Amino acid sequence: MAALSCPALLAACLALLLATAQGDGCSSFGNVFTEIAENSAHGSLVARLPAGGDTPGAPLQLCLVGHDAAWFYLDGRSLRLNISNGRALDREELESPVLMVALTCAEDGFSPVEYRIIVQVLNENDNRPHFQGTSDLTHNVSELAAVHSVVFSAQAEDADGDTLMYVIDTASPDARFFRIDLPNSGKVVLARALDFESRQQLEVVVTAVEMNTRERFNASARVRVQVLDGDDQYPQFLPCAPRTHRGLTLCTSPVYTANVTEGQLQRGPLSFSPGDVYAEDGDRGLRAAITYSLLAGQESSRFHIDNMTGAITLLRAVESSRRTPAISLSIMASQVNDVTKFAVAQAVVRVLAPNRHPPRFPRSSFRAFVPAGAREAALLLTYGGHVLALRARDPDFPQARAAGGCGIGNGVRYSLSSSANHSHGQQQDQHREQGQDHSQLFQVMPNGLVVARADLLQPAQHYRLQVLARDEESGETSSTTVELEVLWPGQAGMELGPR
């Protein structure tokens with residue numbers, strides 16, 4: 001191969017130099033590393049590019065390209081923030097807190113040159129903490145939860161990544177039941193024991209506060225704690241009599257009573273007072289099944305108890321009420337799922353002689369009066385000058401007659417019927433009020449005397465009272481009527497003679 005001449009070699013070298021060289025204008029640029037705060041306004045200065053480099057008639061051509069180029073625009077040799085598209089520069093919304101853009105510099109006759117612009121978006125405390133989901137939270141906690149144990153956790157989020165501290169608002173209704181031992185954890189600890197029977201719902205407010213910021217933004221959540229019933233109560237016989245002992249409310253079992261007749265075998269279960277033998281689990285939210293049994297006793301073999309219902313049946317008649325006037329039974333009610341939880345109640349079965357006669361008043365009606373006055377209590381009087389005594393006779397109680405009581409206090413109980421009538425003076429027929437309950441004005445005593453609230457009565461009033469006598473053993477009743485007139489004070493003495 002022939003060697004090139006000197007002029008040809010020089011021309012080739014010059015062409016290679018022109019092909020690989022860059023212009024002097026783009027050489028003044030370089031990679032840019034800068035930062036800008038989030039939420040900066042549109043047009044905020046991001047960086048200043050080097051000045052100069054343009055040649056007359058051939059200015060440099062600068063262009064921004066890349067995935068994040070839309071966030072910026074060139075204003076001469078200034079790089080500025082572009083949020084004209086309606087977006088805010090929110091660091092928490094960016095895929096990366098670092099934006100990268102390619103700056104391409106082109107000069108006539110030279111190959112384009114590319115530089116890197118790297119912009120770090122600085123964080124600002126522009127987000128408040130918030131609790132996950134909703135600010136109204138619900139947690140279920142068993143009443144058997146141990147004191148000083150963690151019962152629930154309240155977690156909040158802060159988009160800025162700020163450290164949060166949790167506190168319980170001491171002004172919230174039930175703050176005394178809870179505390180937070182580790183402020184940064186959000187774990188709520190039980191401070192005192194829960195009791196489903198006294199409180200089924202508690203409410204507390206938990207607040208999350210930023211620890212390391214100037215603004216100390218916070219958020220609160222209202223937590224409703226549903227107290228779940230635990231098996232910590234024993235069965236209770238009903239109806240029970242609540243009693244308070246050392247701050248605790250106790251349920252005292254009733255004494256059940258029933259009557260049987262000597263020599264007779266009653267069909268079906270016995271009828272008890274104050275109600276059927278019945279017990280229920282003291283845990284109202286659980287209501288465990290109850291089983292009944294009779295504890296061994298001297299006469300317990302005469303009876304049978306239904307272990308599911310508590311109904312008691314007499315199996316063998318009692319021969320004599322004199323030898324066995326009453327039988328005492330001990331009834332145990334226990335939980336089916338835990339026999340160690342039980343309660344015991346007493347039942348008394350009274351043995352009665354045969355009852356063959358209902359009580360009888362000697363007259364179907366009586367006339368009486370009472371003077372109106374300032375006295376709170378006054379006895380009803382007859383026009384014969386005696387105190388009105390309503391005494392029903394019951395031959396089933398001869399011992400009462402022997403004592404002159406005519407059955408008083410021996411199974412006969414007196415009461416005032418609610419179906420009383422009331423009228424005013426001479427317009428009795430036009431203004432009679434039917435079916436009024438005058439139990440606040442009149443009362444029948446156990447010995448048959450009738451007491452009136454004279455201070456509440458008005459002269460010239462008339463009342464028709466119906467008095468009942470009930471045999472407490474047989475349940476048989478009879479009644480009599482009292483026609484009552486309210487007189488003016490001092491008028492009673494004048495009326496005694498002619499009437």
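Colleague: What makes strand 27 mostly covered?

Modeller: In this predicted model, five of the seven residues of strand 27 (residues 365-371) are buried. Buried means under 20% relative accessible area, exposed means over 50%, and partly exposed lies in between, with a 1.4 Å probe and protein chains only. Strands (E, at least two residues) and helices (H or I, at least four) are DSSP runs, numbered from the N terminus.

Colleague: On what basis do the values rest, and how are residues numbered?

Modeller: Residues are numbered from 1 along each chain as its sequence is written, and side-chain values use heavy atoms, leaving out hydrogens and water. As the model is predicted, local features need pLDDT of at least 70 and side-chain atom pairs count only at pLDDT 80 or more, while totals for chains, interfaces and linings use all residues.

Colleague: Why is the link of Cys 26 and Cys 105 called a disulfide?

Modeller: A disulfide is a pair of cysteine sulfur atoms within 2.5 Å. The S to S distance for Cys 26 and Cys 105 is 2.0 Å, so the pair qualifies.

Colleague: How many disulfides does a search of the whole structure find?

Modeller: The search finds two. The other joins Cys 240 to Cys 251, with S to S 2.2 Å. Cys 240 is in the loop between strand 17 (236-238) and strand 18 (241-245), and Cys 251 is in strand 19 (residues 248-252), eleven residues apart.

Colleague: Are Cys 240 and Cys 251 buried or partly exposed?

Modeller: Cys 240 has 25% relative accessibility and therefore counts as partly exposed. Cys 251 is also partly exposed, because its relative accessible area is 26%.

Colleague: What makes strand 10 and strand 13 edge strands?

Modeller: They belong to an open sheet of three strands in the order 10-14-13, with antiparallel pairing. Strand 10 (150-153) and strand 13 (178-179) each have a single partner strand, so one side of each is left without a neighbour in the sheet. Three bridges join strand 10 to strand 14 (residues 187-190), and Val 150 stands opposite Val 189 in strand 14.

Colleague: Why is the contact of Arg 222 and Glu 203 called a salt bridge?

Modeller: A salt bridge is a side-chain nitrogen of Lys or Arg within 4 Å of a carboxyl oxygen of Asp or Glu. The N to O distance for Arg 222 and Glu 203 is 2.8 Å, so the contact qualifies. Arg 222 lies in strand 16 (residues 218-228) and Glu 203 in strand 15 (residues 201-210), so the pair ties together parts that are 19 residues apart in sequence.

Colleague: What does Arg 224 form with Glu 203?

Modeller: Arg 224 forms a salt bridge with Glu 203, with the closest N and O atoms 3.8 Å apart. Arg 224 is in strand 16, 21 residues from Glu 203 in strand 15. The structure holds 14 salt bridges.

Methods: Pairing = 2+ DSSP bridges.
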